[in-house]
Amino acid sequence: MIERYTRPEMGRIWSEQHKFETWLEVEITACEAQRDLGRIPAEAVEVIKGKATFSIDRILEIEAETRHDVIAFLTAVAENVGPEGRYLHLGMTSYDMSDTALGLRLREAGEALLAGLDGVREAIGKRAVEHRDTPCIGRTHGVHAEPITFGLKLAVWYDELRRHRERLVEAIHGVAVGKISGSVGTFAHLAPEVETAVCAALDLQPAPASNQILQRDRHAHFISVLAGIGATLGKITTEIRNLQRTEIREVEEGFRAGQKGSSSMPHKRNPIICERITGMARLLRGWASAALENVELWHERDITNSAPERVILPDACITLDYMMFKLTDVVANLVVRPDRMMANLESTGGLVFSQKVLTALVESGMKREEAYAAVQENAMAAWEEGGPTFRERIAADERVRGTIDADVLEACFDVTAQLVHIPEIFKRVGLE
């Protein structure tokens with residue numbers, strides 16, 4: 001991922017330096033496990049632990065010749081260790097080390113993403129409570145439907161992110177796995193006890209069965225969960241962008257002092273962060289597709305998964321980390337305009353209360369088909385012709401006046417009556 005969108009901590013997790021650090025951690029842990037089983041002299045392990053270091057420049061220099069990054073890494077480390085370096089990687093294959101180390105980095109990245117998810121969810125929950133009772137119009141198909149509150153809109157997002165959190169915890173558990181089972185998963189050169197000991201020391205689960213690699217359904221699930229979170233963030237930012245349209249203008253992305261919206265139009269205040277997040281969500285969905293393709297490998301493995309993973313695993317984590325950080329800031333600083341929300345709600349002259357009127361007529365004894373016809377006729381006339389509002393037209397309709405009292409009809413246009421159950425919804429999602 002380009003530096004522009006890489007936050008320092010997540011960038012550190014996916015740096016070359018940290019990759020080699022985790023590789024070395026796995027190799028040393030494997031030596032310790034084999035020492036405990038009597039296969040490697042204890043003195044040799046102490047030398048390895050004291051001298052095992054690496055230089056990235058030296059690794060790259062060796063790789064230029066060997067064209068194999070793991071061999072280059074092991075050679076560079078062994079140069080520093082000396083004769084005892086021969087015990088490094090003993091009985092292991094490349095992916096015993098690199099897949100187990102990948103489990104360490106994925107867990108670390110996943111835990112950072114969990115923290116970011118908690119942060120954005122907390123910000124949304126706080127604003128939801130703030131605007132629990134702020135009326136606004138609900139829209140279906142982009143058209144005014146019935147009143148909701150702005151807080152309810154945020155509460156829906158809050159609960160959706162709760163489900164994503166559960167999925168992410170499961171996905172982290174699924175990739176926090178190691179394998180030290182050899183070239184085709186048979187433990188032909190190392191006893192299963194080595195794998196058990198290494199994974200226990202690293203707090204990873206040992207894969208119950210593997211071939212040369214950990215199966216990529218684990219990683220596909222992890223990336224798919226990240227893409228799902230990204231899709232929800234994209235949904236949220238798309239909604240904010242729509243509500244910031246000039247004609248609606250119910251919310252607005254924070255605009256800081258000195259910020260410029262356009263090189264040519266000084267009046268512009270654009271939802272640029274939300275647009276960025278929406279666009280980045282598309283990347284995550286694309287990487288999820290690549291991760292799913294990586295599940296399909298030949299026999300006990302081929303290398304078609306390797307190149308995509310070098311891109312999609314770090315970049316997906318880095319991208320989602322950045323998206324959540326930016327959305328947390330957007331939500332915390334979101335400008336909310338209750339006056340515009342109410343003006344938009346009232347702009348159709350009561351049309352959005354049509355179902356309330358329909359229900360009142362039916363409950364008062366009118367046949368549903370007749371009630372629907374009366375309400376729709378007045379609604380369409382108000383919509384098409386202008387002039388008297390729906391509220392005025394329906395009040396003057398003899399069919400309605402002969403069925404319900406004026407005060408009952410008037411109560412149909414009370415917005416607060418539409419929202420009496422909002423507090424109960426908030427309790428359901430854990431917001432009070």
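1. Cys412 is buried, with a relative accessible area of 4%, where buried means under 20% relative accessible area for a 1.4 Å probe and protein chains only. This is a predicted model, in which local features need pLDDT of at least 70, side-chain atom pairs count only at pLDDT 80 or more, and totals for chains, interfaces and linings use all residues. Residues are numbered from 1 along each chain as its sequence is written, and side-chain values use heavy atoms, with hydrogens and water left out.

2. The structure holds 0 disulfides, a disulfide being a pair of cysteine sulfur atoms within 2.5 Å. Cys199 is accordingly in no disulfide, and the nearest cysteine sulfur, that of Cys31, is 15 Å away; Cys199 counts as buried because its relative accessibility is 0%.

3. Two or more of them come from each of helix 2 (16-36), helix 5 (69-81), helix 6 (94-130) and helix 11 (306-332), helices being DSSP runs (H or I) of at least four residues and strands (E) of at least two. The lining divides into 9 nonpolar, 8 polar and 11 charged residues.

4. Strand 1 (residues 135-140) pairs with strand 2 (residues 143-149) in the antiparallel sense over 5 bridges, pairing requiring at least two DSSP bridges. Ile137 stands opposite Pro147 in strand 2. The two strands form a hairpin with 2 residues between them, and His141 in the turn has a positive phi of about 60°.

Terms used: Buried < 20%, exposed > 50% of the residue type's maximum accessible area, 1.4 Å probe, protein only. Nonpolar A, V, L, I, M, F, W, Y, C, P; charged D, E, K, R; others polar.
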